[in-house]
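This report describes the aromatic side chains of one protein model and the charged groups that accompany them.

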Amino acid sequence: MLFLSIRPQYVEKILDGQKRVELRRRKPRSQPDDWMAIYESSPTKALVAIAQVTEVRIKSPQCLWRSVRSIAGIQKQEFDEYFTDCDNAVGIMFRSVIALPSPIQLDDLRSSWPGFHPPQGFLYLTNAQKELVLQGIPKRKRRAAA
């Protein structure tokens, strides 16, 4: 499972459906149907949701913008600033966003995962870490994410 740190203003857009692609400068190893954990960075500092990856697109920034501008949840200027000096841009398309009824706070993550530090970009969870994330998902929704 991919673990992504995302700023609060973008997490809000993900949870309300305005944002259906996560933009990155580096490509993760995620494949369609993989799940990603969504960690809301400071000041919230909590794991708040999971979502299912549908596609990972790698294109020039200009081509990626044309294909994701209506679902990116950001303005063109922000996009251009983020991808300044990049030959390639990555779009992680997702669906099936499931908000955790009780977000897992950073202190709880650290007590369960000794030495844990939220990544600047992303990291990959072990099977044991994935199980902790899934425990926060209602049972009826958990089957799909397992």
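The model is predicted: local features need pLDDT of at least 70 and side-chain atom pairs count only at pLDDT 80 or more, while totals for chains, interfaces and linings use all residues. Residues are numbered from 1 along each chain as its sequence is written, and side-chain values use heavy atoms, with hydrogens and water left out.

The structure holds 8 aromatic pairs. Rings of Phe, Tyr and Trp (its six-membered ring) pair if their centres lie within 6.5 Å; planes under 30 degrees apart count as stacked, over 60 as edge-to-face and the rest as tilted. The ring centres of tryptophan 65 and phenylalanine 79 are 4.9 Å apart and the planes stand at 50 degrees, so this pair is tilted. Because tryptophan 65 belongs to helix α2 (residues 61–68) and phenylalanine 79 to helix α3 (residues 76–82), the pair ties together parts that are 14 residues apart in sequence.

## An edge-to-face pair and its cluster

For tryptophan 113 and phenylalanine 116, the ring centres lie 5.2 Å apart with planes at 75 degrees, so the pair is edge-to-face. Tryptophan 113 is buried at 6% relative accessible area, and phenylalanine 116 counts as buried at 6% relative accessibility. One aromatic cluster is formed by Phe3, Tyr39, Trp113 and Phe116.

## Charges over rings

The charged end of arginine 29 sits over the ring of tyrosine 124, 3.8 Å from its centre; the criterion is NZ of Lys or CZ of Arg within 6 Å of the ring centre and within 35 degrees of the ring normal. Lysine 19 lies over the face of tyrosine 10, 5.6 Å from the ring centre.

Notes: Helix = DSSP H or I, 4+ residues; strand = E, 2+ residues; numbered from the N terminus. Buried < 20%, exposed > 50% of the residue type's maximum accessible area, 1.4 Å probe, protein only.
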